[in-house]
Amino acid sequence: MPHKPSYQNATVCVSSQIGNDTAYGAVTPPLYLSSTYKFNGLDDMGKYDYGRGGNPNRDALAKTLAEMEEGAGAVVTSSGMAAIDLVLNLLPNHALVIAPHDCYGGTHRLLRSRQDQGRLRVEFINQNSERAVERALDEKPALVFIETPSNPLMRVYDIQALSRAAHKVGALVVCDNTFLSPARQQPLKMGADIVVHSSTKYINGHSDVVGGITVAKDEGVAEQLAWWANCTGVTGAPFDSFLTLRGLRTLHARLAIQETNALKIAKFLTDHDKVAKVFYPGLETDPGYDLAKRQQSGAGAMLSFELATDRAGVGDFLANTSLFQFAESLGGTESLICHPASMTHRAMSEEARKVAGVSDTLIRLSVGLEHTNDQLAELSLLFSQLSK
Ligand SMILES: Cc1ncc(COP(=O)(O)O)c(C=O)c1O
């Protein structure tokens with residue numbers, strides 16, 4: 001076997017699974033849509049038997065992501081929510097899950113619903129409060145769920161400290177790495193046991209696939225997740241996996257530009273008199289700045305801000321968007337603008353949103369690859385409409 005050098009993350013992202021085709025020597029992984037595969041004989045199946053349990057395109061994507069997150073194995077699922085729910089299969093009935101009170105609205109809804117049906121118990125806490133974390137861990141949770149930076153308030157949580165504390169009480173640590181991707185944060189290296197992604201976002205990067213991924217540090221856990229994924233049928237489609245791996249190749253290049261644009265926009269917003277507050281860990285004034293510097297290799301391209309107006313004013317501000325698409329989701333090449341309270345976080349009760357700090361005047365931006373001058377010009381125009 002030739003010596004395989006240990007590559008940089010950007011190199012793994014571009015080169016993993018390239019040139020592996022044994023049939024025709026195709027450089028990029030060919031697309032295998034077949035749902036079923038021939039057996040060689042009785043009790044003798046080849047590498048694949050049936051598409052729900054295994055598929056070459058899904059495997060190519062899973063292997064690339066496992067390498068990028070430095071985990072033992074990955075499972076590609078049909079959505080980010082399917083990835084998170086897949087992980088919950090590892091827990092016995094009535095197990096306690098500790099989750100952040102300000103997580104993605106869909107994650108909040110899933111955990112709450114698993115509690116309402118009697119499957120699990122859930123406690124939503126402020127994971128930046130040492131006392132709240134200590135008190136929650138005293139209850140011996142089976143799983144601690146982290147999402148950092150958080151959606152939509154960009155709060156940065158300490159993966160290393162939370163993992164260490166959670167492991168002391170025997171809890172499994174799961175980290176949602178959707179907002180940064182392995183190009184900017186590698187939670188498994190900081191102590192998390194499992195990373196989950198909505199690959200719908202930066203990993204695919206082109207807003208044309210809904211998908212998810214789990215990456216486990218331990219081989220046994222990775223195998224259990226693959227077993228449950230086949231058992232429950234939540235695995236991702238071959239064509240989606242093909243597209244996602246294609247999109248993934250440019251992740252580092254995309255993020256570098258999007259992040260530069262995001263910082264410029266965050267600074268522009270900080271100086272604007274119609275903005276009450278900006279949430280972006282790349283700003284030195286942000287409470288998460290120092291921690292982000294330590295555990296992230298960049299601030300990412302998501303940010304949010306409080307408009308100095310009321311709910312009706314927010315409606316006026318969003319009425320004439322053009323370059324920024326008024327839509328949910330994030331991480332694509334195009335810029336998106338959304339109102340979390342009525343869109344991504346509407347599944348949370350008004351009370352839960354209040355506890356999390358998701359106000360009616362909060363706006364979230366997914367900063368895209370357009371020229372920053374045009375992005376800033378559009379935002380200036382939106383602000384000028386607000387003052388009318
Ligand atoms: C942080 C985070 N996790 C998980 C999800 C769920 O992913 P999906 O929409 O692919 O199911 C989202 C979706 O927005 C998200 O923002």
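**Helix packing, then domains**

Author: Helices here are DSSP runs of H or I, at least four residues, numbered from the N terminus. A caveat: this is a predicted model, where local features need pLDDT of at least 70, side-chain atom pairs count only at pLDDT 80 or more, and totals for chains, interfaces and linings use all residues. Residues are numbered from 1 along each chain as its sequence is written.

Reader: At what angle do the axes of H11 and H13 cross?

Author: Two packed helices are described by the angle between their axes and the distance between the axes. For H11 (residues 311-318) and H13 (residues 372-386), the axes cross at roughly 135 degrees and come within 8 Å. Axes are lines fitted to C-alpha atoms, for helices over the stretch in contact, with angles from 0 to 180 degrees between N-to-C directions. The pair is therefore oblique, the class left after under 35 (roughly parallel), over 145 (roughly antiparallel) and 65 to 115 degrees (roughly perpendicular).

Reader: Which residues of H11 and H13 make the contact?

Author: Contact means C-beta atoms, placed from the backbone, within 7 Å. H11 brings Gly 313, Asp 316 and Phe 317, while H13 brings Leu 382, Gln 385 and Leu 386.

Reader: And which domains does the assignment give?

Author: Bounds come from an automatic or database domain assignment: domain 1 is 9-248 and domain 2 is 252-386. Their contact takes 32 residues from domain 1 and 36 residues from domain 2.

Technical notes: Two residues are in contact if their C-beta atoms, placed from the backbone, lie within 7 Å. Helices (H or I, at least four residues) and strands (E, at least two) are DSSP runs, numbered from the N terminus.
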